[in-house]
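Dear colleague,

Please find below the structure that I am handing over to you, with its sequence. My notes on what was found in it follow.

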Amino acid sequence: MVHMTSASSATLFVIIISYLVLSMALCFGLLTEIISRGAVLRSFALVGLLDASAGSMASPVVTPEWLSSQIKVGNKDLRIFDTTIGPAGPSTDDFESEHVQGAQFFNLKKNAPFTQHLPLGLPDPTDFQDYVRSLGINASSHVILYENVDQNGSKACRGWWLLRKGDVTVKVNKSLVMLYDDIKPGDARQFVDTRHPDNFNGKEKEPSKFQTYCMGFLGLKSDGLAFQTGHIPGAVNIPYPTLFKDDAITLKGKDELLQMFQSAGVKLDQPMTSTCYIGFTACILALAACVCGKDDVSVYYGSWTEYGQRASVGSVECKH
């Protein structure tokens, strides 16, 4: 029996994204507002994207009650996607056992290659185009991404970034993607690392327990792999749990996030790249920056799993 979860009472992290689809091409706007609501057992983080045709925010803020009401009235434009990845990986069985009414399963690993260095690569644009189209997005779709979690929302954020980083006409927005060969420590770009301070500072030798967990999360093993310990030279550390309120699932508001960036010495008017272990919690940081009005943060999706293996000793900074 499938358990249909009410949008107004579920344990979910939800991202609401408005897309305008023209000639089957996703036109991405600027994320300008996010509001986290504490009106349910676990909060919803709700996001709106600028409607490129209207030139203004189209329904930028909705509540869990709004989502529930739209489901109840049968809003034909609603497209709801579950991005949950369980301990055994993305599972349609988990999805079928419990999901929001009307949701479809969005497999973040579908057509995404992986290697020793890249824990989860980018899908081929053509394959991604076909997959997204198969999900039924059309010119009037209001797309919703969520994940069923007890804390944070890295998978929903990864889906948000994956959809933002390109469109379904086989073009990639390279400004939102950071590659290893493009990293040049010492230049004007700011790197913000979302790992735990002990991992960032090199107090815990890599592969750490958390890196091993993160790789295992994607079906990869750290056994036999050699990693540097530390971080990209010049990077600053904003651990991803600190982006959330005490309930561990409600993203902090704009003012609090701005203060966090300022305290870390991050300048939002300068180029910035977020990084982590496997390219997931870095997407939370990119989302937080978008909340503050900075929509051009690139994500180093190889993150420390790649950098820690490929970088020379001289290209790693370690405080221990």
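I begin with helix α7 (residues 254-263), in which Leu257, Met260 and Phe261 are buried. These three cover an arc of only 95° around the axis, which puts them on the same side of α7; the arc is that of the directions from the helix axis to the C-beta atoms. Buried means under 20% relative accessible area, exposed over 50%, and partly exposed in between (1.4 Å probe, protein chains only). The cover over the buried residues of α7 includes β17 (272-275) and α8 (281-291). After α7 comes Gly265, with a positive phi near 80°.

Please note that this is a predicted model, in which local features need pLDDT of at least 70 and side-chain atom pairs count only at pLDDT 80 or more, while totals for chains, interfaces and linings use all residues. Residues are numbered from 1 along each chain as its sequence is written, and side-chain values use heavy atoms, with hydrogens and water left out.

The chain as a whole

The chain has 9 helices and 18 strands. Helices (H or I, at least four residues) and strands (E, at least two) are DSSP runs, numbered from the N terminus. Of its 320 residues, 53% count as buried. Among contacts between residues at least 6 apart in sequence, 74% join residues at least 24 apart; contact means heavy atoms within 4.5 Å. The chain exposes about 13,500 Å², of which carbon and sulfur atoms supply 51%. Accessible areas come from the Shrake-Rupley method with a 1.4 Å probe; for residues, only the protein chains shown count as cover.

Aromatic pairs

A search of the whole structure finds 8 aromatic pairs. Rings of Phe, Tyr and Trp (its six-membered ring) pair if their centres lie within 6.5 Å; planes under 30 degrees apart count as stacked, over 60 as edge-to-face and the rest as tilted. One of the pairs is formed by Phe81 and Phe106, which is edge-to-face at 6.0 Å centre to centre and 70° between the planes. This pair links distant parts of the chain, 25 residues apart: Phe81 is in strand β8 (residues 78-82), and Phe106 is in the loop between β10 (104-105) and α3 (125-134). Phe81 is buried, with a relative accessible area of 1%, and Phe106 also counts as buried, at 2%. The rings of Trp304 and Tyr307 have centres 5.4 Å apart and planes at 40°, so that pair is tilted. Trp304 and Tyr307 both lie in helix α9 (residues 303-310), 3 residues apart, about one turn of the helix, and both are buried. Ring pairs also link Phe81, Phe106 and Tyr131 into a cluster.

Asp193 is placed in strand β15 (residues 190-193) and is buried, with a relative accessible area of 2%. The side chains of Asp193 and Arg195 are joined by a polar contact of 2.9 Å. A polar contact is a pair of N or O atoms within 3.5 Å; within protein, one must be able to donate a hydrogen and the other to accept it, and residues adjacent in sequence count only if both atoms are side-chain atoms. Not counting residues up to four places away in sequence, Asp193 touches several residues, including Phe200, His231 and Cys276. Arg195 in turn lies over the face of Tyr277, at 5.2 Å from the ring centre, and Arg158 lies over the face of Phe280, at 5.0 Å. A charge sits over a ring if NZ of Lys or CZ of Arg is within 6 Å of the ring centre and within 35 degrees of the ring normal.

Backbone features

Most residues other than glycine have a negative phi, and most peptide bonds are trans. A cis peptide bond, with omega about 0°, joins Glu206 and Pro207; Pro207 lies in the loop between α5 (197-200) and α6 (209-217). Asn111 has a positive phi, near 60°, and is found in the loop between β10 and α3. Asn111 is partly exposed, with a relative accessible area of 37%. Ser303 also has a positive phi, near 50°; Ser303 belongs to helix α9 and is buried, with a relative accessible area of 0%.
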